Amino acid sequence: MIRVRDPHPWPTTEAEAVAIQERLRPLVRFDGEPREIRTAAGLDVAYRDESDELVAAVTVLDVATLSVVDSAVVRGKAEFPYVPGLFAFREAPSLLQALAELSVEPDVLVCDGQGLAHPRRFGLACHLGVLTDVPSIGVGKTAMGHYEPPGEERGAWTPLRLDDEVVGRALRTQRGVKPVFVSVGHRFTLDAACDLVLRLAPKYRLPETTRTADHLGRSALR
DNA sequence: GCGACAG
DNA sequence: ATCTTGTCGC
């Protein structure tokens, strides 16, 4: 099962949160996962009203069949206000609880947000990856950085740049739809991350991992 | 000073 | 994130 390796005290101020990110950032590992990726977890959080009550949902999919083999739902509250760049401090506590409830340990965490494509190179995917030591990637719906539009065909991509540095890719998962923004979280390569996202998104813009987690969270909110 | 800013 | 009708496409 998944264990949280380095439970740090949760910050109260933005300055504390930034300090935690800078302390944990060196722990990110960039080597790829040598094992075959058979299962992938989707993580998502649904909110009631503008914020406050939330539901963290995790689904584990068999990558070959895209069927859900495990899931967990945790009701909680936002532990931090929404601040771009400090997103993990809002959602990570409930997501970590949900991950701890899984009976199947996934081979990778597919996070709804960024990994290295982050002002301090430590987005939600990096944070969850380092805390659990489970390989992770970030798949965002909005870019943090600049990119040229990739070709229209499925699988086309362009580099995503932030501060004159390549931090991820804009990846077209379906023709005629806006690309998704893929970045590495922990113990995963960018090439493998994009391959995985394309396998997880055969029909829709977003990977099935995030879609199933999103559906699960929304239904639990009612 | 003004705009931008993961979910 | 969430509030929301109709509409286009498979």
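Guide: The description below begins with the annotated residues and then turns to the DNA. This is a predicted model, in which local features need pLDDT of at least 70, side-chain atom pairs count only at pLDDT 80 or more, and totals for chains, interfaces and linings use all residues. Residues are numbered from 1 along each chain as its sequence is written, chains are lettered from A and ligands numbered from 1 in the order in which they are written, and side-chain values use heavy atoms, with hydrogens and water left out.

An unreviewed UniProt entry places the feature "binding site" at Asp-44 and Asp-112; such positions are given in the numbering used here, feature names are shortened, and annotations may be inferred rather than shown by experiment. The two residues span 69 residues in sequence, yet no two of their C-alpha atoms are more than 6.1 Å apart, so they gather at one spot.

Asp-44 belongs to strand E1, residues 39–47, where strands (E, at least two residues) are DSSP runs numbered from the N terminus, as are helices (H or I, at least four). With 8% relative accessibility, Asp-44 counts as buried, a term that means under 20% relative accessible area, with a 1.4 Å probe and protein chains only. Leaving aside neighbours within four places in sequence, the contacts of Asp-44 include Leu-95, Asp-112 and Asp-214; contact means heavy atoms within 4.5 Å.

Asp-112 lies in the loop between strand E4 (108–111) and helix H3 (124–132). Asp-112 is also buried, at 16% relative accessibility. Beyond four places in sequence, Asp-112 touches several residues, among them Asp-44, Phe-87 and Lys-141. The side chains of Asp-112 and Lys-141 make a polar contact at 2.9 Å, that is, a pair of N or O atoms within 3.5 Å; within protein, one must be able to donate a hydrogen and the other to accept it, and residues adjacent in sequence count only if both atoms are side-chain atoms.

Of the 14 residues around DNA strand B, Tyr-82, Gly-85, Phe-87, Lys-141 and Thr-142 come nearest; a residue is near a strand if one of its heavy atoms lies within 4 Å of it. A polar side-chain atom of Asp-112 is 3.0 Å from a sugar or linking oxygen of DNA strand B.

Key: Buried means under 20% relative accessible area, exposed over 50%, partly exposed in between (1.4 Å probe, protein chains only).
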